[in-house]
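Hi there,

Here is the structure I promised to pass on to you. Have a look at it first, and then read on for what turned up.

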Amino acid sequence: MILRVANAADAQYVETLCQWYEQSAKQRGVGIAKRDPNYLIKKMERGDAIIAFLDDQLAGFCYIETFEDNKFVVNSGLIVNTDLRKEGLGRAIKHRVFELSRTKYPQAKIFGITTSGPVMKINSELGYRPVTFQDLTQSDDFWKGCASCKNYQILQDNNRKMCLCTGMVYDNLNDQYAQQPQETINFIEEPQQH
């Protein structure tokens, strides 16, 4: 398995990723179904995403976004190829995007909202804790990303204070990542030799 920071050359995978997002939302019956291909390309170009491959096959993806002048960073869009699920890829990608977030934005709280039990479990393993939505970014740019979710009206009816998602935050800003510069972190995992 190779997990690495995505780059501009990875734009060739954006159409596939967008299809995966839409299919996943339909299967789960909840969540944000659409991702703008140009938005994903920008994430790749800026080095704000992790991409995974297994035997030269696209295996998964996750990106980061910052809010409130880098006070908050969200790990978003975790997706794994449906044929490769249950292999621990989601966990591996989530760990790498967490490292990228902590090293690239060491003064930012990492947060997320999710309805996914497995994502909540991984977040808890990483040190996130559940919080109310008031403890998350209040940036309109973040919350408008929820507009394509079928539960958006619930969020709106509750003045963005609650929805069906669980809010989670990692706010230990004195951890080992805050102590070392980004260049010292190796984000590439080489394929294992058999």
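Let me start with the aromatic rings: this predicted model has 13 aromatic pairs. In one of them, F98 and Y128, the ring centres are 6.2 Å apart and the planes meet at 45°, so the pair counts as tilted. F98 belongs to helix α3 (residues 89-104), while Y128 sits in the loop between α4 (117-126) and β6 (129-131), so this pair links distant parts of the chain, 30 residues apart. Both F98 and Y128 are buried.

Another pair to look at is F111 with F142, which is edge-to-face, with 4.9 Å from centre to centre and 70° between the planes. Here too distant parts of the chain are linked: F111 comes from strand β5 (residues 109-114) and F142 from helix α5 (residues 140-143), 31 residues apart. F111 and F142 are both buried. The two also belong to a cluster, in which ring pairs link F67, F72, F111, F133, F142 and W143.

One more ring deserves a glance: Y21 has the charged end of R35 sitting over it, 4.4 Å from the ring centre.

Then there is D48, in the loop between α2 (37-45) and β2 (49-54). Is D48 buried or exposed? Its relative accessibility is 6%, under the 20% cut-off, so D48 counts as buried. The side chain of D48 makes a polar contact of 2.6 Å with the side chain of K104. Leaving aside residues up to four places away in sequence, D48 touches K43, Y63, I64, L100, K104 and Y105.

Technical notes:
Residues numbered from 1 in each chain as written. Predicted model: local features only at pLDDT ≥ 70, side-chain atom pairs only at ≥ 80, totals over all residues. Heavy atoms only, no water. Helix = DSSP H or I, 4+ residues; strand = E, 2+ residues; numbered from the N terminus. Buried < 20%, exposed > 50% of the residue type's maximum accessible area, 1.4 Å probe, protein only. Polar contact = N/O pair within 3.5 Å; in protein donor to acceptor, adjacent residues only side chain to side chain. Contact = heavy atoms within 4.5 Å. Phe/Tyr/Trp six-rings, centres within 6.5 Å; stacked < 30°, edge-to-face > 60°. Lys NZ or Arg CZ within 6 Å of the ring centre and 35° of its normal.
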